[in-house]
Each structure stands twice: as structure tokens, then as C-alpha cells.
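Please open the model in your viewer and display it as a cartoon.

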Amino acid sequence: SSDVCSSDLCHGTGATGGFGPKLAKNPILKHEDLFWETVLHGRGPMPAWGAALSHQDIADIHAWLLTK
């Protein structure tokens, strides 16, 4: 599931930035409610992923991003 946010097109390999912002060490990771809101419903140019990802997928992505 980490492949979803670290594609070369979106948030870059290893979540270091691409078309979308760098997610590695991004302050949004400390605000889990905002992270979830953004992933589920989208924000700005980021599309909503709530219909495509399970809650477990999103939790796994958040946990993976915390390791970056």
C-alpha cells in the first residue's frame, strides 16, 4: 500500500516529493485526524482515496510514512 503515495507521479519515490508535496517528515503526519481527512476526502489537487483504500490500507500508509 505504500506504493500508492510513493509513485513517481504523486509524492515521489520514498515519499520525498513529486507532483504532490514531500510526505516524508511532513508535519501532517503528526496530525493524524488531518492526514485521514485528506486521504479519505482529498484536499486541493489531491484526489479522495476513501473509495479505493481500506482503513487498514490508510493506517499502513500512515505507519510507513512515519518511518521515512
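A helix here is a DSSP run of H or I with at least four residues, a strand is a run of E with at least two, and both are numbered from the N terminus. By that definition, this predicted model contains 3 helices and 0 strands. Followed along the sequence, the pattern reads α-α-α.

**The whole chain**

Begin with everything selected. The protein has 68 residues, of which 32% count as buried. Among the contacts with a separation of 6 or more, 36% join residues 24 or more positions apart.

**First stop: His11**

Select His11, which is located in the loop that connects helix 1 (2-5) with helix 2 (32-41). Is His11 buried or exposed? Its relative accessible area is 10%, and a residue counts as buried under 20%; His11 is therefore buried. Now display the side chain of His11 together with Pro21. The side chain of His11 reaches the backbone oxygen of Pro21 at a distance of 2.7 Å.

**Second stop: Thr38**

Move on to Thr38, a residue of helix 2. With a relative accessibility of 7%, Thr38 also belongs to the buried residues. Show the side chains of Thr38 and Arg43: they make a polar contact at 3.4 Å. Which residues does Thr38 touch once its neighbours within four places in sequence are left aside? They are Ile28, Arg43 and Met46.

Select helix 2 and helix 3 (residues 55-66), which pack at an angle of about 125° with their axes 11 Å apart. Because of this angle, helix 2 is oblique to helix 3. The crossing of helix 2 and helix 3 is right-handed.

To see how the two helices meet, colour the residues that form the contact:

- from helix 2, select Glu32, Phe35, Trp36, Val39 and Leu40;
- from helix 3, select His55, Ile58, Ala59, Ile61, His62 and Leu65.

How many residues of each class take part in the contact of helix 2 with helix 3? There are 8 nonpolar, 2 polar and 1 charged residues.

**Looking back**

Technical notes
Residues are numbered from 1 along each chain as its sequence is written. This is a predicted model: local features need pLDDT of at least 70, side-chain atom pairs count only at pLDDT 80 or more; totals for chains, interfaces and linings use all residues. Side-chain values use heavy atoms; hydrogens and water are left out. Buried means under 20% relative accessible area, exposed over 50%, partly exposed in between (1.4 Å probe, protein chains only). A polar contact is a pair of N or O atoms within 3.5 Å; within protein, one must be able to donate a hydrogen and the other to accept it, and residues adjacent in sequence count only if both atoms are side-chain atoms. Axes are lines fitted to C-alpha atoms, for helices over the stretch in contact, and angles run from 0 to 180 degrees between N-to-C directions. Angles under 35 degrees count as roughly parallel, over 145 as roughly antiparallel, 65 to 115 as roughly perpendicular and the rest as oblique. A crossing is left-handed if the near helix is turned anticlockwise from the far one by less than a right angle, and right-handed if clockwise. Contact means heavy atoms within 4.5 Å. Ala, Val, Leu, Ile, Met, Phe, Trp, Tyr, Cys and Pro count as nonpolar, Asp, Glu, Lys and Arg as charged, and the others, Gly among them, as polar.
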